Amino acid sequence: MRVFRGTPVSPGYGQGRAVPYRRREHLFSAASSAGAEDSTTEVRRAEAARTAARRELEALARSLKESYGLDEAHIFHAQFLILEDDLFTGLIHAAVTKGRSAEAAVVEAVRQIEEMFREHVDPYLRERAVDVRDVGARVLGHLVDKCSHPFARLPDAAVIVADQLFPSDTIFLKRGRVRGIVTAQGSDNSHAAILARALGIPAVTEVDGILDGCAPGDAIAVDGETGEVILHIEGTAQADYLQHARRYRTALEEARQIAGHSVRTRDGVAISLLANVDREEDIEEAAKLQVAGIGLFRTEFLFLAEGGEVSGARQAEVYRRAAQWMRGRPVTIRILDLAPDKALLLSEDVPQMRSAIRDCGVHYALAHPEILRPQLRAILRAAPEGDLRILLPGVTGALEIDAVRAFLQKVADELGREVRIPVGAMIETPAALFMLDAIAERADFLSLGTNDLLCHLFGSERQRGKETAYEPSFLRAIHLTVRAAQAKGKPLSICGELAGDPAFTALLIGLGIRELSMSPERLPEVRYNVSRISADEATALARGVLNVQTASDVERLLSENVDPWHKLLGDSDGTG
Ligand code: PEP
Ligand code: MG
């Protein structure tokens with residue numbers, strides 16, 4: 001038996017048989033066994049894949065340049081050269097002419113060129129062997145039959161054990177089929193984690209060395225509460241694990257009984273629980289969960305799912321359907337929010353980089369009217385179907401809100417429609433904190449983006465943001481935002497991942513938050529917690545927290561006070 005520890009990113013307990021998955025290796029091994037059609041067809045397929053790979057690389061380079069000001073020629077120089085090289089195309093054509101499939105021909109060409117680079121005397125060129133493999137994987141990604149993806153035919157009770165998961169892998173994950181997900185790399189805010197939560201699959205990430213000791217079919221247990229992953233589980237560990245899992249299921253059942261669009265604290269304060277959604281299909285799921293509305297629709301995933309471009313008509317259809325599913329409850333559509341982590345979704349190979357805040361979010365949208373105009377048109381078109389709202393990401397001051405409002409008016413005039421749609425601002429940049437009065441005055445509502453706010457306040461990477469969530473400066477930032485919203489009489493919600501973290505429910509309510517928007521899977525736990533909290537006691541706790549000066553004091557106060565309200569499986573029932 002081996003016990004690994006990682007970061008829990010999706011709650012629950014799951015036990016089953018390991019399905020190890022190394023992404024790049026999968027592409028190469030699936031390609032080697034692909035069957036060939038006639039050589040003309042295979043040449044055409046190989047060429048089409050090469051062209052698609054080049055376009056992908058160009059788009060990536062462009063977005064890096066636009067978002068980060070990086071010189072595309074520099075970053076992808078070697079990869080462009082390899083992709084365009086006569087030797088690469090020549091080797092592919094030669095293999096295809098000998099009856100190999102396009103996939104097998106690419107693998108063969110990569111192997112030969114890689115070998116040449118590896119043996120080179122120049123150390124720089126020796127290192128370019130990595131680029132050759134990268135280019136190969138990129139081309140193969142457009143060739144390898146999606147049906148050959150190992151997740152397309154998963155065994156029963158599968159626990160996926162992967163180096164890292166990308167959106168192209170996660171599209172195969174289905175509710176109920178996968179018992180757990182364990183990855184060596186990832187983060188609480190990665191798309192794979194968000195999706196795992198949406199699908200209710202327990203998941204643990206940052207589990208070092210998990211792939212090395214794991215073979216297909218190995219018994220494995222995932223604890224999405226503590227982050228423990230047990231390979232070849234047996235004996236008392238197995239018995240303990242099953243007991244925790246049973247208690248979790250019972251508590252979850254109990255939590256699900258507390259249905260309803262809003263929930264009240266023990267002392268009668270109404271708290272609205274809303275859903276964050278990324279994909280169109282999540283909206284229908286959220287509607288079934290009786291949420292008070294969609295507090296955040298991250299539309300960038302709509303764009304990413306369709307290769308970067310979505311027509312206005314398609315957008316209008318999605319927004320219209322969202323409004324219909326929510327039957328008059330609010331649907332908060334965030335305009336395209338391009339930021340480093342989202343650019344990562346376009347490709348697995350973009351290094352994690354930070355870009356200037358003013359190149360992202362609403363600034364990016366305003367600088368790209370060719371994207372913003374069709375999106376606003378689509379929202380305006382769909383607006384009569386329900387209560388649609390527009391949310392602006394990455395706001396840093398008052399001017400951006402004015403600029404979007406003016407643009408919206410222009411688009412509405414073109415369409416011959418009235419603008420009756422509320423426009424809200426995300427508070428997720430330090431600059432916004434200094435302009436809260438002006439932003440709250442201009443916006444119709446505010447939404448705290450705690451994921452980005454934590455990163456920007458502490459200059460940390462997105463996946464490490466939560467480490468600083470107990471810092472008094474951050475909690476004071478929430479407090480200031482609550483006060484600004486109250487002063488101007490504007491509704492305020494939290495839509496960052498913290499809203500769905502049951503350990504923070506009491507504190508957030510104590511700080512004055514009355515709307516929480518989260519991954520739908522978090523709803524039962526948070527709903528349950530809210531129903532057990534007294535808002536009065538929570539306010540007293542928050543008052544104390546706002547008076548201390550260090551994160552450890554905050555944690556101490558919380559651990560002394562929130563025990564009965566903590567997580568669903570808090571220490572109070574002895575299972576935590
Ligand atoms: C946030 O930053 O908290 C947020 C909700 O937006 P995203 O996670 O999409 O950046
Ligand atoms: Mg954000």
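Let us start with a pair of helices: helix H24 (residues 535-547) packs against helix H25 (residues 551-561) at an angle of about 160°, and their axes lie 9 Å apart. An angle over 145 degrees counts as roughly antiparallel, so H24 and H25 are roughly antiparallel to each other. Their crossing is right-handed. On the H24 side, the residues that take part are Leu541, Gly544 and Val545, and they meet Val554, Leu557, Leu558 and Asn561 of H25.

Please keep in mind that you are looking at a predicted model.

**The protein as a whole**

Stepping back, the secondary structure of the protein comes to 25 helices and 17 strands. Of the 576 residues in the protein, 54% are buried. Now consider contacts between residues at least 6 apart in sequence: 70% of them join residues at least 24 apart.

**The sheet**

Next comes an open sheet formed by 8 strands, with mixed pairing. If you want to trace the sheet on screen, follow the order E1-E8-E7-E3-E4-E5-E6-E2. Strand E1 (2-5) and strand E2 (7-10) stand at the edges; each has a single partner strand, so one side of each is left without a neighbour in the sheet. On average, neighbouring strands of this sheet are turned by 30° against each other, direction ignored.

Which strands does E4 pair with in the parallel sense? One is strand E3 (residues 13-21), joined to E4 by 5 bridges. Another is strand E5 (residues 178-183), which pairs with strand E4 (residues 158-162) over 5 bridges as well. Some of the bridge partners are set out here.

| Residue | Partner residue |
|---|---|
| valine 19 | isoleucine 160 in E4 |
| valine 161 | valine 182 in E5 |

Is E4 mostly covered or mostly open? E4 is mostly covered, with 5 of its 5 residues buried. In a regular strand the side chains alternate between the two faces of the sheet. In E4 both faces are covered: Ala158, Ile160 and Ala162 are buried on one side, and Val159 and Val161 are buried on the other.

**Two residues with positive phi**

Histidine 232 has a phi near 55°, a positive value in a residue other than glycine. You will find histidine 232 in the loop between strand E8 (228-231) and helix H10 (235-257). Its relative accessibility is 34%, so histidine 232 counts as partly exposed.

Arginine 327 is not a glycine either, yet its phi is positive, at about 45°. The loop that holds arginine 327 runs between helix H13 (312-326) and strand E12 (330-334). Is arginine 327 buried or exposed? With a relative accessible area of 72%, arginine 327 is exposed.

How values were computed: Residues numbered from 1 in each chain as written. Chains lettered and ligands numbered in written order. Predicted model: local features only at pLDDT ≥ 70, side-chain atom pairs only at ≥ 80, totals over all residues. Heavy atoms only, no water. Pairing = 2+ DSSP bridges. Helix = DSSP H or I, 4+ residues; strand = E, 2+ residues; numbered from the N terminus. Axes fitted to C-alpha atoms, helices over the stretch in contact; angles between N-to-C directions. Parallel < 35°, antiparallel > 145°, perpendicular 65-115°, else oblique. Left-handed = near helix turned anticlockwise from the far one by under 90°. Contact = heavy atoms within 4.5 Å. Buried < 20%, exposed > 50% of the residue type's maximum accessible area, 1.4 Å probe, protein only.
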